[in-house]
Amino acid sequence: MKRNNKGFIAISLIYSFFLVFLVTLLTTINEYVHNRLLLNSVKKETQEFLNEHMNFYSFTLENREYQEWEIVSFGYESWRVLKNEEDVVTLILNRNLDKQELTSILGDTKLIIEDKILMCSNGNSSYCGSKGAGLHNPYNWKNSIAKTTVDGWFNKNNFLKKTESLEFLQEMDFVYLKTVNEEKKYQDIIRIPTLEEYDTILQKYNVSDIWHLTGEGYPLPKFSFEEEKVSPNNAHRKIRPVIMVKKDLST
């Protein structure tokens with residue numbers, strides 16, 4: 001009886017290719033696992049390095065008098081002094097948040113033009129703004145796009161989060177809305193400049209085209225910029241976070 005050598009050879013080739021495939025697959029998986037372990041090790045070492053070196057930065061400010069608009073290095077950012085008090089200093093970031101930062105926080109590019117954002121939206125129910133057919137989500141600081149933006153930026157900043165956990169950041173009281181009968185007040189760990197700060201300090205140092213907190217009117221207030229009043233769901237402005245840092249009173 002004649003053997004079918006061709007069939008035997010074909011089957012042998014198929015098994016050979018299959019074995020080569022299995023060996024290649026196992027080798028690839030092994031390399032992937034090895035690289036993943038190396039990556040996790042590097043990430044852990046990097047995090048430990050950053051945490052260790054973060055301790056070289058002071059989480060408080062030197063106990064001294066600070067001049068208005070003085071540059072202060074705090075954490076990994078440059079800030080300007082808005083107000084000096086006995087035990088705290090109010091700082092504003094010495095730059096605008098850029099488009100990449102805004103996009104990573106908000107996601108919705110309809111809210112962003114270059115490095116500027118709306119204060120309230122048109123049709124996004126997550127924020128204050130127009131809902132169409134004459135309906136509105138009334139403005140307040142809590143549901144504004146600006147608050148979502150500075151909160152998102154703050155939460156991505158490990159240094160500021162550490163400073164907050166050590167209770168070296170001071171919550172700030174401020175007015176965010178003026179109506180005919182009352183002023184709406186809020187308290188927050190991070191904010192943007194008030195109208196008073198914008199008018200009396202920022203314009204003095206030629207900082208404009210950034211959102212400030214305080215609007216007038218209801219349900220969607222008008223925000224004053226020099227001689228212009230703008231609607232929060234139609235105008236785009238830049239964002240500069242504001243924080244209040246405690247001084248090191250032990251020195």
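Visitor: How many helices and strands does the protein chain have?

Guide: Keeping in mind that the model is predicted, the protein chain has five helices and 14 strands.

Visitor: And what share of the residues is buried?

Guide: Of the 251 residues in the protein chain, 39% are buried. As for the surface, the accessible area of the chain comes to about 15200 Å², and 52% of that area belongs to carbon and sulfur atoms.

Visitor: What about contacts, what percentage join residues at least 24 apart?

Guide: If we take the contacts between residues at least 6 apart in sequence, 57% of them join residues that are at least 24 apart.

Visitor: Let's pick a helix. What length should α3 span?

Guide: Helix α3 covers residues 145-156, and because each of its twelve residues is taken at 1.5 Å, the helix should span 16 Å. In the model its end C-alpha atoms are 17 Å apart, which agrees with that expectation.

Visitor: Which residues of α3 are buried?

Guide: The buried residues of α3 are Ile145, Ala146, Lys147, Thr149, Val150, Gly152, Trp153 and Phe154.

Visitor: Okay, and which ones are buried in α5?

Guide: In α5 the buried residues are Leu195, Glu197, Tyr198, Ile201 and Leu202. The buried residues of this helix pack against three strands, namely β2 (77-84), β3 (88-93) and β12 (223-225).

Visitor: What does Glu197 touch?

Guide: Leaving aside residues up to four places away in sequence, Glu197 touches Leu82, Thr90, Arg191 and Leu202.

Visitor: Switching to charges now. How many salt bridges does the structure hold?

Guide: The structure holds 13 salt bridges, and one of them is formed by the side chains of Lys204 and Glu68, with 2.8 Å from N to O.

Visitor: Which salt bridge partner does Lys161 have inside its helix?

Guide: The side chain of Lys161 meets that of Glu164 in a salt bridge of 3.3 Å, again from N to O. Both residues lie in helix α4 (residues 158-165), three residues apart, which is about one turn of the helix. Glu164 is partly exposed at a relative accessible area of 29%, and Lys161 also counts as partly exposed, with a value of 32%.

Visitor: What about Arg95 and Glu101, buried or partly exposed?

Guide: Arg95 is partly exposed, with a relative accessible area of 26%, whereas Glu101 counts as buried at 16%. Their side chains meet in a salt bridge of 2.9 Å from N to O.

Visitor: Which residues are linked in a network of salt bridges?

Guide: Lys116, Asp209, Glu228 and Arg237 are linked in a network of this kind.

Visitor: On to the strands. What is the order in the open sheet of three strands?

Guide: The order in that open sheet is β10-β9-β11, and the pairing is mixed. Strands β10 (183-188) and β11 stand at the edges and each has a single partner strand, so one side of each is left without a neighbour in the sheet.

Visitor: In what sense do β9 and β11 pair?

Guide: Strand β9, which covers residues 172-178, pairs with β11 in the parallel sense over two bridges. Lys178 stands opposite Glu216 in β11.

Visitor: Last topic: which cysteines does the disulfide join?

Guide: A search of the whole structure finds one disulfide, and that disulfide joins Cys120 to Cys128, with 2.0 Å from S to S. A disulfide is a covalent bond between the sulfur atoms of two cysteines.

Visitor: Left-handed or right-handed?

Guide: The torsion about the S-S bond of Cys120 and Cys128 is about -90°, so the disulfide is left-handed. Cys120 counts as buried at 0% relative accessibility, and Cys128 is buried with a relative accessible area of 0%.

Key:
Residues are numbered from 1 along each chain as its sequence is written. This is a predicted model: local features need pLDDT of at least 70, side-chain atom pairs count only at pLDDT 80 or more; totals for chains, interfaces and linings use all residues. Side-chain values use heavy atoms; hydrogens and water are left out. Helices (H or I, at least four residues) and strands (E, at least two) are DSSP runs, numbered from the N terminus. Buried means under 20% relative accessible area, exposed over 50%, partly exposed in between (1.4 Å probe, protein chains only). Contact means heavy atoms within 4.5 Å. Accessible areas come from the Shrake-Rupley method with a 1.4 Å probe; for residues, only the protein chains shown count as cover. The expected span of a helix is 1.5 Å times one less than its number of residues. A salt bridge is a side-chain nitrogen of Lys or Arg within 4 Å of a carboxyl oxygen of Asp or Glu. Two strands pair if DSSP finds at least two bridges between them. A disulfide is a pair of cysteine sulfur atoms within 2.5 Å.
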